[in-house]
Every structure is written in structure tokens, then in C-alpha cells.
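Visitor: I would like to learn how to read the features of a protein model. Could you walk me through one?

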Amino acid sequence: MKTLRLFPFLTALVLALFAFTAAGPKLKKTTLTNKLTVGIPEGFVPLPDDGIAAKYPSPRKPLAVFTNPSGRVDFSVAQKPTTFSSRDYALLLKIYKASIQNMYTKVDFLSEDIRTVNKRDYVALEFVSSVTDNRRGSNLPPVRRYQFVQYTIQGNQLMVFTFNSPAEEQPQWQPIAQAVMQSIALKD
């Protein structure tokens, strides 16, 4: 008899859990340019220019960087001139995969493909990178990061979308990174 009374409770619990997980991560649609919108995770805030300069020192500043409250997880959008066209995505996949492998001590690719998001093709690379300090006498542990990078070409510009977090937080951030990358809407 107790089992019969417990059944409605368990059914409601399972349905509530399914509804919670099926909803996916909460993203806020954010307009970055008149041709680009992206879903930014709730709680992420834009990094100010001085924060971008400190965290991403580069001659070419990213268009935007959003970070979580701890500052350990970022989503960035950058662009740079390119002579490649959308016909070159298979070649770009090979080039950027090799470049990533050369940039880090170790790379474990989780996915690598050309995918369509909102009617636009992207080169997508999802991986966990490790950098080991090989200086003599160093006993620091490797720095490991989970990263998801998507590249697309718009006119003569290469657009680069990057989501990264500490590797130990990958289970928490991977579904959010995937949702962010699926939310990118870039018009010609």
C-alpha cells in the first residue's frame, strides 16, 4: 500500500527533474554588434577595457569578453582580417587544430568538426588543454583548461568565439558552453 502512495510523489519528482534539466542553461540574448547576437550565461558580466587588456594582452583587442563572478570562466568574441573564404573551412579545421596542438603541452580533443549554427557554418574545436612548466626545478602542476572555440568567416573577417573554464569545472560548464555556441546568430 505504501508503494501506491509513493508513486504519485516519485512521478512528480521525476517530471520536475526532467523539466529542470530539459530547460537547459539560462542564457541572456545579448547584442554585440548590429549583426551579432549571442546568449550570455546568467551572472556573466562584460569585462571592462582595462580588464580585457590585463587578461588578454594582444595588439588586437577582442570585441567583447564576458566573465563569471569568480573571473575563472570567460566567453570572448574576437575578429581579425583573413584571406580565407567559407569554402576553406576544411582547411581551417586542420590549421587551427594543429595550431592548438602546438600552443599547449597536451591537448585532448572532445570534438572537432564543421557545424551549422543558425544557418551559418563554423569550424568547432572543443578540447581540454594542459600547459606544463618545464623550467628546471619547477614543480608546479600543469594548468588545465576546458575550451570550446568556434570560427566563422564574415566577409574578410575571421570571427572567433571562445568559451573557457578550469578543466576541473568542465562538467558544470560544458553544457553551458555548448548552449552559448548554439546561440550565436551572425547576419551577413
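Guide: Let's begin with pairing: two strands pair if DSSP finds at least two bridges between them. Helices (H or I, at least four residues) and strands (E, at least two) are DSSP runs, numbered from the N terminus. Here S5 and S9 pair in the antiparallel sense over 8 bridges, and alanine 78 has valine 160 in S9 as its bridge partner.

Visitor: What should I know about the model and the numbering?

Guide: This is a predicted model, in which local features need pLDDT of at least 70 and side-chain atom pairs count only at pLDDT 80 or more, while totals for chains, interfaces and linings use all residues. Residues are numbered from 1 along each chain as its sequence is written, and side-chain values use heavy atoms, with hydrogens and water left out.

Visitor: In what order do the 7 strands of the open sheet run?

Guide: The order is S3-S4-S5-S9-S8-S7-S6, with antiparallel pairing. At its edges are strand S3 (45–46) and strand S6 (106–117), each pairing on one side only. Within the sheet, strand S7 (residues 120–131) is joined to S8 by 9 bridges, and alanine 124 stands opposite glutamine 150 in S8. Strand S4 (residues 64–67) pairs with S5 over 4 antiparallel bridges. S4 and S5 also form a hairpin with 6 residues between them, and glycine 71 in the turn has a positive phi of about 80 degrees.

Visitor: How should I read a positive phi?

Guide: Most residues other than glycine have a negative phi. In this model, asparagine 118 has a positive phi near 50 degrees, and lysine 119 has one near 65 degrees. Asparagine 118 is in the loop between S6 and S7, and lysine 119 lies in the loop between S6 and S7 too.

Visitor: Is lysine 119 buried or exposed?

Guide: The classes rest on relative accessible area: buried means under 20%, exposed over 50%, and partly exposed in between (1.4 Å probe, protein chains only). Lysine 119 is exposed because its relative accessible area is 86%. Asparagine 118 counts as partly exposed because its relative accessibility is 47%.

Visitor: Why does threonine 30 count as buried?

Guide: Threonine 30 counts as buried because its relative accessibility is 18%. Threonine 30 is found in strand S1 (residues 27–33). Taking contact to mean heavy atoms within 4.5 Å, threonine 30 touches Leu36, Thr37, Val38, Ile40 and Phe66, not counting residues up to four places away in sequence.

Visitor: Which strands make up the open sheet that includes S1?

Guide: That sheet has 3 strands in the order S1-S2-S10, with antiparallel pairing. S1 and strand S10 (185–186) are at the edges with a single partner strand each, so one side of each has no neighbour in the sheet. S1 and strand S2 (residues 36–41) pair over 6 antiparallel bridges.

Visitor: And how do I find empty space?

Guide: Rolling a probe the size of a water molecule over the atoms shows where empty space is left. On a 1 Å grid over the protein atoms alone, a pocket is an open set of points where a 1.4 Å probe fits, with protein on both sides within 12 Å along at least five of seven lines; lining residues have an atom within 4 Å of a point. The largest pocket is lined by 26 residues, with Tyr56, Ser76, Ala78, Val160 and Thr162 nearest its centre. S5 gives the largest share of that lining, 5 residues.
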